[in-house]
Amino acid sequence: MRRHLPAVLLLIWVLGLIWPAGEASALTCAKQPSVNEEFARSTVVFHGKAIRERTNGAITFEVAEAWKGVASGKIEVQISTMWMPIQQGEAYLVYAAEKNGVLAAHLCGRTAPWELGHADTASFPAPSVTLKGSSSPPWSLTGIGAILALVVAVLLACFMMARRDPK
């Protein structure tokens, strides 16, 4: 057995090098909570536009719609901008919970730009607050893209039919 020990150790070492490793989650969240889980653990849930970043890292939002915990038109939330960059003037769906008297977005939560997060609102109750003059634009880029694609398809079909017509 001692004679085969180096060969066995070499085989184990080689297998260790080529054996597929599991998925690593460095700097990413292992599993994002479901919409219902995130809504339940949040103190506030709202759709708002980022209007200012304070020196303490808090972002001031102008609230357009709120589903939970918001009573006024402006609210400050701590968001790790290193984890998710916040652009002033852009709209977001924000989930946050109160910690030590400060509202903070969950690090591995569902807070996202409005374009990516607005689908979550389908399972929300009716908004508790809808502020006038701060609604989202009626046309999304997806809708405009679909209309443009339809127009191009119709023009292309007309062009193809005109080329086939022997007039």
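**Strands and surface of a predicted protein model**

Me: How many bridges join β1 to strand β2, and in which sense do they run?
Reply: Strand β2 covers residues 58-68, and it runs antiparallel to β1. Two strands count as a pair if DSSP finds at least two bridges between them. Across this pairing, Phe-46 stands opposite Ala-66 in β2. The bridges joining β1 to β2 number 8.

Me: What kind of model is this, and how are residues numbered?
Reply: This is a predicted model, where local features need pLDDT of at least 70, side-chain atom pairs count only at pLDDT 80 or more, and totals for chains, interfaces and linings use all residues. Side-chain values use heavy atoms, leaving out hydrogens and water, and residues are numbered along each chain as its sequence is written, from 1.

Me: Which residue takes a positive phi in the hairpin of β1 and β2?
Reply: Let's look between the two strands. The hairpin has 4 residues there. The one with a positive phi, near 90°, is Gly-57.

Me: Which residue in β4 stands opposite Val-44?
Reply: Strand β1 (residues 44-53) also pairs with strand β4 (residues 91-99), in the antiparallel sense over 6 bridges. In β4, the residue opposite Val-44 is Ala-96.

Me: How many helices and strands are there in the protein?
Reply: Helices (H or I, at least four residues) and strands (E, at least two) are DSSP runs, numbered from the N terminus. Along the sequence the pattern reads α-α-β-β-β-β-β-β-α-β-α. That gives 4 helices and 7 strands.

Me: What percentage of the 167 residues is buried?
Reply: Buried means under 20% relative accessible area, with a 1.4 Å probe and protein chains only. Of the 167 residues, the buried share is 28%.

Conventions: Buried means under 20% relative accessible area, exposed over 50%, partly exposed in between (1.4 Å probe, protein chains only).
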